[in-house]
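Reader: Could you walk me through how the labels on this model come about?

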Amino acid sequence: MNPDDLDSEFEKRLSRLPLRTVPADWRDEILSSNNVSGNEAEQDSMPVRVWTWRDWLWPSPYAWGALAAVWIGCFALNAASTPDSIGSTKSSPSDPSATAQVLYAFQLNRNFDELTIR
Amino acid sequence: MSPDLGALYDRHACALFAFLLNFTRSEADTRDVMQELFLKLAARPEQLDPVRDVRGYLIRLAHRLAIDAHRRRARQASAIERAGLETVSVFAETSDPDEAAYRVAVSEALAELPPEQRAVVHLKLWEDRTFAEIAELLGIPANTAASRYRYALDKLQTHLRPLYDELR
């Protein structure tokens, strides 16, 4: 027996009940809203969005400009507070004493490794 | 080729109306969903080009829109408003008083079912769909469609048994 068949009189009687039809006055309302019917020319000529450079500056060119200004300000402050400008005693990477310290630390590390391997 | 939306409406509106009215139990919601459905078809008419079963496609779209509308309404409406749903009959009127009473009783029994069971019953009994088709339209497994149908039918029979006993 096909499970899709209506196998009881109850089901068959239900299926014979006539359903309400859509109210006639709905047609114009549904089809005419937003010019659904008859305006195919307008639908065909709907504008296609063209991306411009302004779209890439979303949300606003002004917002991006302000953000850029903030970043520039941060860089400027950072540059103003570099060791060269305030006479810091910190050594630069090109300072020979710094290089010697790095080499010494490297040597210590190697010695430690040799000790642990044994 | 863009479909003739007027012809589409004339061919499928009754079926959509009946399904949506049974599913939403609200004429206002039914009208809103149908309007939204045809707006979507007008905005993208090419979506029907590859469709073979247009009726099924429209019912599936209507079902999804009805669920979205119900969720929006559930968020906006208070519990009291939600409880006061309008009483609608999904069946045509008749002059026979016994038949009229039967149709009202069936309509009320359908209203007692969960919406998803109602959807399955409607598509099975009045759209003559197979469980496989119903499953595809509603986005559920075929076994689930069959189960929901059986549960719904049992509830309907229980609800209508007094009426059957009275009519005998």
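Predicted model: local features only at pLDDT ≥ 70, side-chain atom pairs only at ≥ 80, totals over all residues.

Author: Happy to; what follows takes a few residues in turn and sets their values against the definitions. Residues are numbered from 1 along each chain as its sequence is written, chains are lettered from A and ligands numbered from 1 in the order in which they are written, and side-chain values use heavy atoms, leaving out hydrogens and water.

Reader: Why is Gln117(B) called buried?

Author: Buried means under 20% relative accessible area, exposed over 50%, and partly exposed in between (1.4 Å probe, protein chains only). Gln117(B) has 10%, so it is buried.

Reader: What does Gln117(B) touch?

Author: Contact means heavy atoms within 4.5 Å. Leaving aside residues up to four places away in sequence, Gln117(B) touches Arg148(B), Tyr151(B), Ala152(B) and Lys155(B). The side chains of Gln117(B) and Lys155(B) are also joined by a polar contact of 3.3 Å; the term covers a pair of N or O atoms within 3.5 Å, where within protein one must be able to donate a hydrogen and the other to accept it, and residues adjacent in sequence count only if both atoms are side-chain atoms.

Reader: Why does Trp71(A) count as exposed, and Ser81(A) as partly exposed?

Author: Trp71(A) is exposed because its relative accessibility is 52%. Ser81(A) has 45%, so it counts as partly exposed. The side chain of Ser81(A) reaches the backbone oxygen of Asn78(A) at 3.1 Å.
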